[in-house]
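Open the model in your viewer and keep the selection tool at hand.

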Amino acid sequence: MLLPDVTELLARSAMFGPMDAVARAALARELVWLGLPGGRPLFKPGEPAEALYLLKSGSLGVFDDGLPEDAAGLIHLIAAGECVGAVSLLGSEQRTRTVRALRDSELLRLDRRAFETLLERHPAAMLGVARTTIELLQQRERGADRTSLPRTFAILPIDAAVPARVLAMQLGQALEGYGNCLVIDAEQGAGRSSDWFAEREAQLRFVIYLDAGGDPLWRQRCMRQADVLLLPALAAQAARPWPESALLDPSRTGHRSRHLILMHAGHQVSLGSARRWRAAFSGELRHHHVCRRADVTRLARLVSGHGRGLVLAGGGARGLAHLGMLRALHEAGHRFDAIGGTSIGAIIGAGMACGWELDAITETLRRGFVEGRPLSDWTLPLVAMTRGRRASTMLRHAFGALEIEDLPLPYFCVSTQLSGGGMAVHRDGPLWLWLRASSAIPGVLPPVLRQGRVYVDGALVNNLPTDVMAADGIAHITALDIRADIALLTTAEESATPPLWRLLLQRRQDVRRPGLVSTLVRAGMVNGESASAGRRERADLLLTPPLEQIGMLDWKGWQRAVDAGYRHALGVLEERARDPAAAVTMRG
């Protein structure tokens, strides 16, 4: 690499850019070029911290060695123009993380000896580097570092029938809202050197590598250059494997995230298409339905790390306050790209993921919970106090045969698996069934029994699954929480239930005891409430309306819950509008 190219790269670097030209020129002379094939580690924990590295081209991943070496263990992405290893070089003698090349990469190495020499000759400039390193580290810990988001995308259609060029142009226009973007196809990339591609990636915020003709060599180049693999197909066609078998197996894609893009001819999702097309893939795979231009815009936000997620907590009848909060958010212009929830929050969220209007969701819930009284089919309490048939019928009537993977928006709901495993996150399968599991209050509704396993209300383990949403790479999370208000108070002093005649007598004396249903509901919420405290901190916007006067099973008070949610959300949103600086940290 020529010296002028090195100094230009240093000038664009967040770490070395603030240095003066003389110091950057001295630094450029000390840097040593290094090529690192995709999948190869740069360093591992325990190795001596002998150098820092500036990434010229390619992509590196920082991994948590306490997790398996797959996408789940990837905790940070290093993009071209960023440095890695500086913290260890400045603060310790050993590496503390594994850093691995996610694709073929070029780096510039600065040895410890050369760093110390430059520090002696240019102390002000190199101390500035140290300060910048610390600031970047603090930003990363706060989640404020946006420079490490994916920057290069490969669009690799299943065949030439897919309108891949149209998709690329629309995706590029949507990405322009977050930085300049260039689409490179086989004709533009023909005969180009690796330096040419590296230069484009360094100068631009996003690069889309497009295959529109099916040339195998160009498709391989697209795969090598990409941080994210986008795999479009016509949803209505017969499903079949991709031409490159490596795309079907995550262990062969170098930790690149894979996104199946199902393009639909009309404005409706073709039911069953996601299940058919996903069958050929193994491991983690996201899929997206594209029916209209707005879906491409949402896709751009999700794959580039700018997605907006909504998480809705459980809370029985109190959860109908979600409807009021959603109305206020909608009026304020808030829209969401992904949705998840627990119990009643999962049910309301499913309606949103279906694309229903808020009035339709409200009417469905009013008919189902208020008029339908799903908890009124009492039975001999061998398993639960109710048979669960009315609840199941209500959900089946509302959502029909929809599968979760057929929903227009990415969606998940949470249940608790009592057969071992704890939290279960449902992203596929019958929607009504997993909503029934997510809301199965132990002792009140019977559990869902499926393939030898037992599932009950998700509130037992995770009533506000912001952590699940964050793990999906969603940057901005809005959480609608329903406090459990788990304190049960009594005026009685006893360790055994009195005989019936005494109970009747004490009713006239205003002796208060918790009822059976209240005890079961509160017991089911205790663990979820305590664990939700930490999960609330993950939300960029948290709404927690005051609902002390509404019981957990007070379905007749549904309108009061809706109104309380609306008033609370309006107040929080108005406060945010008056104080924009508090927009990220505001808690309702």
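Start with helix 15, which gives the largest share of the lining of the second largest cavity, 4 residues. Helices here are DSSP runs (H or I, at least four residues), numbered from the N terminus. A cavity is a set of points on a 1 Å grid over the protein atoms alone where a 1.4 Å probe fits but cannot get out, and lining residues have an atom within 4 Å of a point.

This is a predicted model, in which local features need pLDDT of at least 70, side-chain atom pairs count only at pLDDT 80 or more, and totals for chains, interfaces and linings use all residues. Residues are numbered from 1 along each chain as its sequence is written, and side-chain values use heavy atoms, without hydrogens and water.

Now select the lining: Ile-347, Ile-348, Gly-351, Trp-356, Ile-361, Thr-364, Leu-365, Met-394, Leu-395, Ala-398 and Phe-399. Helix 13, helix 14 and helix 15 each give two or more of these residues. The space amounts to about 80 Å³. By class the lining has 9 nonpolar, 2 polar and no charged residues (Ala, Val, Leu, Ile, Met, Phe, Trp, Tyr, Cys and Pro count as nonpolar, Asp, Glu, Lys and Arg as charged, the others, Gly among them, as polar).

Next, show helix 15 (residues 389-399) with helix 16 (residues 431-438): their axes come within 9 Å and cross at roughly 140 degrees. Select Ala-391, Ser-392, Leu-395, Arg-396 and Phe-399 in helix 15, which meet Leu-431, Trp-432, Leu-435 and Arg-436 in helix 16 (contact means heavy atoms within 4.5 Å). These contact residues divide into 6 nonpolar, 1 polar and 2 charged.

How values were computed: Axes fitted to C-alpha atoms, helices over the stretch in contact; angles between N-to-C directions. 1 Å grid on protein atoms, 1.4 Å probe; cavity = no way out; pocket = protein on both sides within 12 Å on 5 of 7 lines; lining within 4 Å. Points joined across faces, edges and corners; volume = space filled by probe spheres on them.
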